[in-house]
Amino acid sequence: ETGLLGISFVAYGGSGGTDATQTVGSAGRQRWKRREAGLTYYESPVFNGFQVLGAFSSGNRAADSGAVDATTNAKPRIWSLGATYSAGPLALGAGYEKHNEFGALGGVADFDDEGWGLSAAYTFAGKVKLGGTYLDRKWETAIGRTLKKKTWTVGVNWAIAGPHSLQAAYTHAGDSKGNSLVGISEAAGGGAASGPDTGANDWAIAYGYAFSKRTSLKLGYHRTDNDRNAAYEIGNINLDPTARGDSQSAWAFHIRHRF
């Protein structure tokens, strides 16, 4: 989720609508989880619970800018490959993604970013679902300089009884590693360079009640504790991004109805 009760912003950098053709240096690279305008996508049939997925972006910045094919970063691309397994109470996932030519148009280098992740979930007695994720990303920010970030999450969904449920999640973002002198916004919330105290810890808990299969509500609490040089935000409330080291908390009330 990316709302006030979602853990996406600390764990994965949230999600954004900027696609590969709009990437200009680090400004367009702040979201690893993206909504591409043009994507070629494939899902294999499911074989005994196992499935393979792949995608690549097909946008062409050169067509928009008038740049010739030889211009550096004129053709940024996203390549993604994943695999899932789901059978009975067990679900597993793995993925790899690479961003090619994500530097500034006509820049001195093309700058490639890459990341990989794992996920797992298990449902006990049909009532308690326990899951977790791990994500490892690396950005090239200058020639010979990189910024690395690792995050992990653990969460539980408990179908207590009848319409009642309880969800809780914990997220940890480690320090930004590497030798980068500049930051990527999602890597430390406020775009801090590689260095100590650039991580965060995040907690969320919510109670849910289902009035019917179509209508439900949720009430929850969310808190993000930033390290001294980080400025992650809850949801996308856009508080002062330079206020590094601050903690944030929020109560959220959510009603959903499916028409």
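Begin by selecting Asp197 and Arg228, which form a salt bridge whose closest N and O atoms are 2.9 Å apart (a salt bridge is a side-chain nitrogen of Lys or Arg within 4 Å of a carboxyl oxygen of Asp or Glu). Asp197 lies in the loop between α3 and β12 (200–210) and Arg228 in the loop between β13 (215–226) and β14 (247–257), so the pair ties together parts that are 31 residues apart in sequence. Here helices (H or I, at least four residues) and strands (E, at least two) are DSSP runs, numbered from the N terminus. Asp197 is partly exposed, with a relative accessible area of 28%, whereas Arg228 is exposed at 55%. Buried stands for under 20% relative accessible area, exposed for over 50%, and partly exposed for values in between, with a 1.4 Å probe and protein chains only.

The model is a predicted one, in which local features need pLDDT of at least 70 and side-chain atom pairs count only at pLDDT 80 or more, while totals for chains, interfaces and linings use all residues. Residues are numbered from 1 along each chain as its sequence is written, and side-chain values use heavy atoms, with hydrogens and water left out.

**The whole chain**

Display the protein as a cartoon: its secondary structure comes to 3 helices and 14 strands. Of the 259 residues, 39% are buried. Among contacts (heavy atoms within 4.5 Å) between residues at least 6 apart in sequence, 53% join residues at least 24 apart.

A search of the whole structure finds 4 salt bridges. Select Glu186 and Arg137 next: the closest N and O atoms of this salt bridge are 2.0 Å apart. Glu186 belongs to helix α3 (residues 185–188) and Arg137 to strand β8 (residues 128–142), so this pair ties together parts that are 49 residues apart in sequence. Both Glu186 and Arg137 are buried. Then move to Arg223, which forms a salt bridge with Asp225 at 2.9 Å between the closest N and O atoms. Arg223 is partly exposed, its relative accessible area being 30%.

**The aromatic cluster**

Select Trp152, Tyr170 and Trp203, which form one aromatic cluster. Rings of Phe, Tyr and Trp (its six-membered ring) pair if their centres lie within 6.5 Å; planes under 30 degrees apart count as stacked, over 60 as edge-to-face and the rest as tilted. By this rule the count comes to 7 aromatic pairs. One of them joins Tyr170 and Trp203 in a tilted arrangement, 5.6 Å centre to centre with 50 degrees between the planes. Tyr170 sits in strand β10 (residues 164–173) and Trp203 in strand β12, so the pair ties together parts that are 33 residues apart in sequence. Trp203 is partly exposed, with a relative accessible area of 37%.

The elements that give two or more residues to the patch are β7 (113–124) and β9 (145–161), and the largest share, 3 residues, comes from β9. Tyr122 is placed in strand β7 and, at 35% relative accessibility, is partly exposed.

Two strands pair if DSSP finds at least two bridges between them. Strand β6 (residues 90–100) and β7 run antiparallel and are joined by 10 bridges; Gly93 stands opposite Ser119 in β7. β7 and β8 also run antiparallel, with 11 bridges between them, and the bridge partner of Phe124 in β8 is Val128. Zoom in on the hairpin formed by β7 and β8: 3 residues lie between the strands, and Ala125 in the turn has a positive phi of about 55 degrees.

Finish at Leu135, in strand β8, which is buried with a relative accessible area of 12%. Leu135 and Gly117 are 18 residues apart in sequence, yet 4.3 Å apart in space, C-alpha to C-alpha. Not counting residues up to four places away in sequence, Leu135 touches Ala11, Tyr12, Trp116, Gly117, Lys149, Lys150 and Thr151.
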